[in-house]
Amino acid sequence: MELEILGRALSTLPADDDHPYRTGPWRPQHTERRADDLEVIGDLPADLDGVYLRNTENPAHPALEGLYHPFDGDGMIHVVGFRDRKAFYRNRFVKTDGFLAEQEAGGPLWAGIAERPQNSIRQDGWGARGRMKDASSTDVTVHRGVALTSFWQCGDLYRLDPTTLETLGKATWDGRFPSDWGVSAHPKVDVRTGELLFFNYGTDAPYLHYGVVDADDRLVHYVDIPLPGPRLPHDMAFTENYAILNDCPLFWIPEALARGKYVPRYHPDLPMRLGVIPRRGRPDQITWFDADPTYVLHWTNAYEDGDEIVLEGFHQETPEPPDDGTGPIYRRLFRSLALDRMGTHLHRWRLNLRTGSLTEERLSESVTEFGMINPHHGGVRHRYTYAATGVPGWFLFDGLVKHDVQTGAEEHYSFGEGVFGSETVMAPRTGSAAEDDGYLITITTDMNRDRSECLVFDARQPGDGPLARIGLPERVSSGTHSTWAAGSDLPGWRDADRAGDVLNL
């Protein structure tokens, strides 16, 4: 392995830090590296061609008031590139305005998610509630050959070169980017049309907007979606002709909000509402459906089936887990991040556009979340979902599951004791035809050996274990979302003789 240090971030985290989401599997990295010719155990397939990108919450400073939330960390993107049976690695901080300002100040300037925004040192900021840092540390996707990072409570979209990870600035959409509201995590790219669909939300009416960016990176559609009050949506879905938005009954308590306090609560007496709108539709064209009360953090896909929209995602049995008064304080404080405490199960909703009726069913008894599909099936009928299993009581992934949503069959793989994975992407094999003809890719954090690996599985039979294990130069922190970009979608990917030349390695 050829290794080079690209840079280091200033960190003021305490040497004796005991926060479980800044230590152990969540220990942040502050060194940016690039590595060529990574060690491979096993065989990398010749038809695995492209890049795996993963976002990670990676704090450089402690919380302003001491109440650090795992989603407060600064965005750090990791790339593992695959070409010609070789693998390459790079990690870089997303150079957001907030990250650069705190690096210059030498400490935190904005209150975190679990803290009071009025106590921020700087009174500007981003986010649906305002006066918080846009960490751009939640999601990552690729549109028009450029990686876009985003923040879960809305902010700027930061543009990165998907191979070198250089920050290229913010998305502008020819000056039409909605900077006053920002964009939520989980904008969706339709690989058939080249469009990017997105939403944003905030505390002022109409509380939600929906928009479309075309294949030429122009904002061509942006409309109000009036809601009864401020909400906390996190994800959306789309079909060939429609976008699906949501109004879930977990949102800030209105009375507390009026006093400047942002306290989320689950309201089980209200239904979950699902809104279906033509992809370039007007606000008066949205159709709302009432479903059983729950909160859905992530949808996996949606598609059209005759008069019905079929929507799949992870239903939560207990969106607001009770505090049982036992266990460490951090385990109790962040109980709403543990998959088992929330009871997340793969679920299906059928929305009939002709009759206005809705039916729903649980698809699996397994507790899973963070599901991914073959990206070529986004918005059309799919059969397979690849999801994560969680460590009881904690926000950590200990394995993966292949769900067959047609037959109900499942195939499980456990990473092993003390080994934690990340969101697992499905990378279609070059020239593939079948939906599961490709590879699953994830990064693991191995506490036993103090190292990280990138694992590559055959998507047809992941239970057989990885085809290849790729050693990374440093242990990577646990984190949230990831994406796959095929080499054919990356500018200049085949212009160089070696993938290392494309990656500037």
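**Close-up 1. Strands 12 and 13, side by side in a predicted model.** In this predicted model, strand 12 (residues 196–201) and strand 13 (residues 208–213) are paired antiparallel, with 6 bridges between them. As background, strands of a sheet pair through backbone hydrogen bonds, either parallel or antiparallel.

**Close-up 2. The largest nonpolar core.** Tyr-210 turns up again here: along with Trp-349, Tyr-210 touches the most other members of the largest nonpolar core, which has 41 residues. Which strand gives this core its largest share? That would be strand 19 (residues 272–278), with 4 residues. In soluble globular proteins, nonpolar side chains tend to be buried together.

**Close-up 3. The hairpin of strands 27 and 28.** Strand 27 (residues 397–404) runs antiparallel to strand 28 (residues 410–414), and 5 bridges join the two. Gly-399 has Ser-414 of strand 28 as its bridge partner. The two strands make a hairpin with 5 residues between them, and in the turn Gly-408 takes a positive phi of about 85 degrees.

Close-up 4. Look for Asn-374 in the loop between strand 25 (369–372) and strand 26 (384–390). Is Asn-374 buried or exposed? Asn-374 counts as buried, because its relative accessibility is 3%, and the cut-off for buried is under 20%. Its side chain reaches the backbone nitrogen of His-376 at 2.9 Å and the backbone oxygen of Glu-435 at 2.8 Å. Leaving out residues up to four places away in sequence, Asn-374 touches Met-426, Pro-428, Ala-434 and Glu-435.

Close-up 5. Gly-106 lies in the loop between helix 1 (97–105) and strand 7 (139–143). With 30% relative accessibility, Gly-106 is partly exposed. Setting aside residues up to four places away in sequence, Gly-106 touches Leu-10, Thr-12 and His-61. For a sense of scale, Gly-106 and Val-223 are 117 residues apart in sequence and 40 Å apart in space, C-alpha to C-alpha.

Close-up 6. Trp-493 is in the loop between strand 34 (482–486) and helix 5, and is buried at a relative accessible area of 0%. Between Trp-493 and Leu-165 there are 14 Å in space, C-alpha to C-alpha, although the two are 328 residues apart in sequence. A caution about helix 5 (residues 499–502): among the elements of the protein chain, helix 5 has the lowest mean pLDDT, 58, whereas strand 23 (residues 344–352) has the highest, 99. Where pLDDT is low, the predicted coordinates should not be read in detail. The protein chain as a whole averages a pLDDT of 96, and 98% of the residues score at least 70.

Close-up 7. How many disulfides does the count come to? The count is 0. Take Cys-154: the closest cysteine sulfur, in Cys-248, is 15 Å from its own, so the pair is too far for a bond, the cut-off being within 2.5 Å. Cys-154 is buried at 0% relative accessibility. Cys-454 is buried too, with a relative accessible area of 0%.

Note on methods: Residues numbered from 1 in each chain as written. Predicted model: local features only at pLDDT ≥ 70, side-chain atom pairs only at ≥ 80, totals over all residues. Heavy atoms only, no water. Buried < 20%, exposed > 50% of the residue type's maximum accessible area, 1.4 Å probe, protein only. pLDDT = per-residue confidence, 0-100. Core = buried A, V, L, I, M, F, W, Y, C linked by side-chain atoms within 4.5 Å. Contact = heavy atoms within 4.5 Å. Polar contact = N/O pair within 3.5 Å; in protein donor to acceptor, adjacent residues only side chain to side chain. Pairing = 2+ DSSP bridges.
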